[in-house]
Amino acid sequence: MTYDVIVVGAGLAGLTAALRLSEQDRRVLVIAKGNGATHLAPPVIDVLGYAGDKRIESPQKALSGFVVSHPGHPYANVSADVIAESLDWLSRRVPELGYQGRLDENWLLPTAVGVPKPSALVPESMVAGDLRRGGRFVFIGLRGLKDFHASYLADNLARAQLPARVSTRFIELEPPHDRNADPGSVGFARRFDEPRFRDWIVQALAGQLEPNEKVGFPAVLGIEKAGEVWRDLERRLEHPAFEVPLLPPSAPGIRLYDALARALRQAGARILIGDRVAAGGSEGGRVAEINALTAARPVAYRANSFVLATGGFASGGLELDSRGSVRETVFGLPVAGMPDAGEPMFSPRYFDTHAVSRAGVAVDARLRPVDEKGKVVFENLHAAGAILSGAVPWREHSGNGISLATGYAVAAAILEHAAPRIRVDARD
Amino acid sequence: MSSLQTDVLVIGGGSTGSGVARDAAMRGFSTLLVERRDLADGTTGRFHGLLHSGGRYAVKDPPAAIECIKENLILRKVAPDCIEDTGGVFVVTPWDDPAFGDRFLAGCKNTGVPVHEVSVGDTLRREPRLHPGIKRAFTVPDAAIDPWKLVWSNVRSAQEHGARMLTYHRVLSLDVDGGKVMGAVLQDVRSGDEVRVRAEVVVNAAGAWAGQIASMAGCEVQILPGKGVMIAMNHRLVQTVLNRCKLPGDGDIIVPIRTTCVIGTTDVHVTDPDTSEITKHEVDFMLDEGEKLVPGFRQARALHAWAGVRPLFQETRAKDIETRDVTRSHALLDHKKRDGVGGFVTITGGKTTTYRFMAEVAVDAVCEQLGVQRPCSTAKERLPGSERGATYQLGARLGAREPLPQSEEIICECELVTRSHLDAAIARRETDSIDDIRRLLRIGMGPCQGGFCIYRATALLHADRHLDYATANHSLLDFLEERWKGLHPILYGDQLRQTRLDDWIFQGLFDVRHLPR
Ligand SMILES: Cc1cc2nc3c(=O)[nH]c(=O)nc-3n(C[C@H](O)[C@H](O)[C@H](O)COP(=O)(O)OP(=O)(O)OC[C@H]3O[C@@H](n4cnc5c(N)ncnc54)[C@H](O)[C@@H]3O)c2cc1C
Ligand SMILES: Cc1cc2nc3c(=O)[nH]c(=O)nc-3n(C[C@H](O)[C@H](O)[C@H](O)COP(=O)(O)OP(=O)(O)OC[C@H]3O[C@@H](n4cnc5c(N)ncnc54)[C@H](O)[C@@H]3O)c2cc1C
């Protein structure tokens, strides 16, 4: 079976590239071993939150200096305009999440431990958590939900360094005992999908909210009917309400995946989840096919172009063995950003930056993997997202930003340079 | 400075000191146990977890073997709840001298260690991951022993007999007057307050630190600290304690412990007993030795590594001075006879397996110093928690939870710790340290190494103990640093992947680096 483009990896980077290409009538296959970080992470798009210890107010302004001081960074290959475009594009493509924000200013949203965290683009269900203008915040704990502790959050947030005064408090609710006492956050999200559960919440909070308070809930406000759940609560509480992201799994992240997957299917792409992918044949410096390692036998898929969006160590796109050698798991590409042989990979202190933190695949301006000498490995292979070398995204707060922007840019690079799309009669 | 009075002051909250405290309290002495950190946070909490059958010493050190098997059988009776009866097997691998098997058999028979040669086929059926090239196999009554349970139940028993305990109290100095130790000055390491203790007899059970304590009374006790490294793997790759059948060496034992198995160990001379560094070379060596027992060991997932320091005693006194060197395996020093300093006894060396016996001889020496005769009963009386007489069964926590699967939240999924377990531990320990709670409940010791439970535990500590934000945040950050010590030496494969997820959780999702301090 032949495609225009095969995308390996179903995280934000792979889904973005695939949807952009499908929109342009390319025949696309997304194939992945499993779900990506969408199911673990909040759907906030952090483009750049910190440069060193400096909190960034405007990624737009900070980026040009940042790429100069971080030469191998993925953002060195995507202009600020492209990043800005990718944010707009995502907002339009998944209206279900009601994304708000722009590249020129960061929101400041509370994390579950009460630290203000900068994000460029956030779903509407989180917007009211913005701390920049200060105000009064009340956080709602739900007994039985072990991943959200409103009192700890409120206590820390009251001490945070913020541009304006913030006051915090919390309310603990004891929702009626569910038959399953350890449902986890996705279980709670399903309960919020039910109108009766929301009735109970609204009643329990009746008379308890103070004027002008913004109400912070754990990010479990529905999963299938999320928009409706959040709007319903805001309307009935008559207070702005917002979600605070929790430990994995991430109910709002799953909403993003669902929205992107829906859009992809509508655009005619095929999504295969559950197959590990290994390199197939190559011809004349081009990848010809990949192999899906299904239970029964490997299945070969052919395409004109390929996108590697397998994430880094966290997703199995990279692996380090016990002897210290690192491997890119699909094509065995050269891995950049590793310490020299014999040098330690990790510092003995956790919060140091570690030598392997920036490891990944290095690419050229068209996001094609290159070797140590900067030579393109395969003419028609591109890479996007957390597999790219040069970033420490969990410290920079740039994870989803890198994946969205490079996923978006990789599609443009393919559209611009790859062979014209395969003819319709070649479709199966 | 506040002051306290006691008959017996015991220094060191490891297996030895907690055993001494229990024994002394049971013999009717008023007893105070002091420990500079948490209970079992010295060598006892960083050992290999093996209740020796004596097989390991049967050829090289027969008196030690005799002592081990004797104590092994006693502990099975008095402390079964601390023991998982895994059994043990000694195997001759292709790297070992086949002739040693006969010496081993003879050694076990001479020392009374129950041993049976079993067929290679049966052994491989029992332990399918074992190297298929093994030539001979011998079973012995090795077992796994839980150091935290052991120390805690000894201390609980001591407390039931009236003993007191001060953890996080460091001995700063000993009061010596007229050739006798009169007591000690302690410092509460958390508040900085000092406490003066007056005691009839001071028992130095400070393990590898015993030399430091002895020097406070002007006695020279030379300890050669020997560091050993262990690595816990994610699965029970083996169900029985696996030993190489050869003279004791490095990396030649794998002990199944709960859902993990632990390979060890090494012996490197260090100067400072507080050393805990683990080198790449040591890890590599251990993994290579692991391959010889269990092929594919390097592909298995390592969870955590740690190092403990052996208290190896070297007598520097001339031979003719009576030191009451009871066996070669441990050292009991009556400083009245040895150094002319009364009211002072040192008990060090040995093994956790023989802790009870070490405690017995130490308290015998206390009785002698005080000129009284009171018999020891620790070989007969069961420890709290062991009343039913049943050994620990793998899956006990799951078993307890299964009938009520919906009853409450599980805070640590890896080790099946529920919210009420945690609330009770917080109340009982009166501590702000997650690491202290870990030693009680094992939270954070499974595959995710605390990725999910640390946040929950911190928040519950904050709520239950009404902690201020700074203390709570300190507990969280401290635990992250502490666990990193055991993680960074073995980060590869799936454990690196897990750690990257934890990086995302703590630094990305929560951003704990910017917590208010
Ligand atoms: C807990 C958590 C919290 C986070 N919080 C934030 C946040 O607040 N803000 C932010 O901006 N970012 C955050 N991130 C980071 C962000 O989610 C990721 O950086 C980003 O989404 C990575 O996307 P990706 O598409 O590059 O890779 P991934 O989402 O990791 O996807 C990789 C895909 O490749 C597949 N794959 C890998 N190897 C193979 C193979 N051999 N064969 C087939 N398929 C393969 C995987 O199955 C998966 O589908 C967080 C991440 C986590 C885990
Ligand atoms: C690598 C290794 C593996 C081992 N494996 C096994 C095994 O599998 N089976 C077995 O039976 N034995 C084993 N052992 C031996 C056994 O662990 C030790 O012999 C035993 O734990 C020693 O216990 P202890 O109570 O004497 O010392 P420790 O447990 O070290 O206790 C001494 C305590 O004194 C405290 N202290 C020190 N200075 C002061 C001060 N100034 N004030 C107050 N307190 C102080 C310390 O904090 C410490 O907690 C192993 C040892 C090592 C090193």
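**Figure 1. Arg258(B) sits in the loop between β15 (253–257) and β16 of chain B.** Helices (H or I, at least four residues) and strands (E, at least two) are DSSP runs, numbered from the N terminus. What you're looking at is a predicted model, where local features need pLDDT of at least 70 and side-chain atom pairs count only at pLDDT 80 or more, while totals for chains, interfaces and linings use all residues. Residues are numbered from 1 along each chain as its sequence is written, chains are lettered from A and ligands numbered from 1 in the order in which they are written, and side-chain values use heavy atoms, with hydrogens and water left out. Now, the residue itself: Arg258(B) isn't a glycine, yet its phi is positive, at about 50 degrees. Most residues other than glycine have a negative phi, and most peptide bonds are trans.

**Figure 2. Gly264(B) and Thr265(B) are joined by a cis peptide bond.** Omega is about -10 degrees here. Thr265(B) belongs to the loop between β16 (260–264) and β17 (268–269) of chain B.

**Figure 3. Chain A has a cis peptide bond too, running from Pro248(A) to Pro249(A).** For this bond, omega is near -5 degrees. And where is Pro249(A) found? Look in the loop between β10 (241–244) and α9 (251–266) of chain A.

**Figure 4. Glu228(A) and Arg198(A) form a salt bridge.** Side chains of opposite charge can pair when their charged atoms come close. To count as a salt bridge, a side-chain nitrogen of Lys or Arg must be within 4 Å of a carboxyl oxygen of Asp or Glu. In the pair shown, the closest N and O atoms of Glu228(A) and Arg198(A) are 3.8 Å apart. The pair links distant parts of the chain, with Glu228(A) in helix α8 (residues 226–237) and Arg198(A) in helix α7 (residues 195–205) of chain A, 30 residues apart. How many salt bridges does the structure hold over all chains? The total is 72.

**Figure 5. Chain A meets chain B, with 52 residues from chain A and 55 residues from chain B taking part in the contact.** Contact here means heavy atoms within 4.5 Å. Between the two chains, about 5000 Å² is buried, and carbon and sulfur atoms give 59% of it.

Figure 6. Across the interface of chain A and chain B, the rule finds five salt bridges. Between these chains there are also 19 residue pairs in polar contact, with both residues at pLDDT 80 or more. (A polar contact is a pair of N or O atoms within 3.5 Å; within protein, one must be able to donate a hydrogen and the other to accept it, and residues adjacent in sequence count only if both atoms are side-chain atoms.) On the side of chain A that touches chain B, the elements giving two or more residues are α5 (150–157) and α10 (393–396) of chain A. The biggest giver on that side is α5(A), with four residues. By class, the side of chain A that touches chain B has 23 nonpolar, 15 polar and 14 charged residues. (Ala, Val, Leu, Ile, Met, Phe, Trp, Tyr, Cys and Pro count as nonpolar, Asp, Glu, Lys and Arg as charged, and the others, Gly among them, as polar.)

**Figure 7. Ligand 1 lies between chains A and B.** Of the 38 residues around ligand 1, Gly34(A), Ala37(A), Ser315(A), Ala386(A) and Asn400(A) come nearest. (A residue is near a molecule or strand if one of its heavy atoms lies within 4 Å of it.) A polar backbone atom of Gly34(A) is 2.7 Å from an oxygen atom of ligand 1, and a backbone N or O atom of Lys33(A) lies 2.9 Å from a nitrogen atom of ligand 1. Taken alone, ligand 1 exposes 1000 Å², and the protein buries 97% of that. (Accessible areas come from the Shrake-Rupley method with a 1.4 Å probe; for residues, only the protein chains shown count as cover.) The shell around ligand 1 has 18 nonpolar, 15 polar and five charged residues.

**Figure 8. Glu35(B) and Thr353(B) are among the residues that come nearest to ligand 2.** A polar side-chain atom of Glu35(B) lies 2.6 Å from an oxygen atom of ligand 2, and a polar side-chain atom of Thr353(B) lies 2.7 Å from an oxygen atom of ligand 2. The shell around ligand 2 divides into ten nonpolar, 19 polar and five charged residues.

Key
Buried area = accessible area lost by both parts, 1.4 Å probe.
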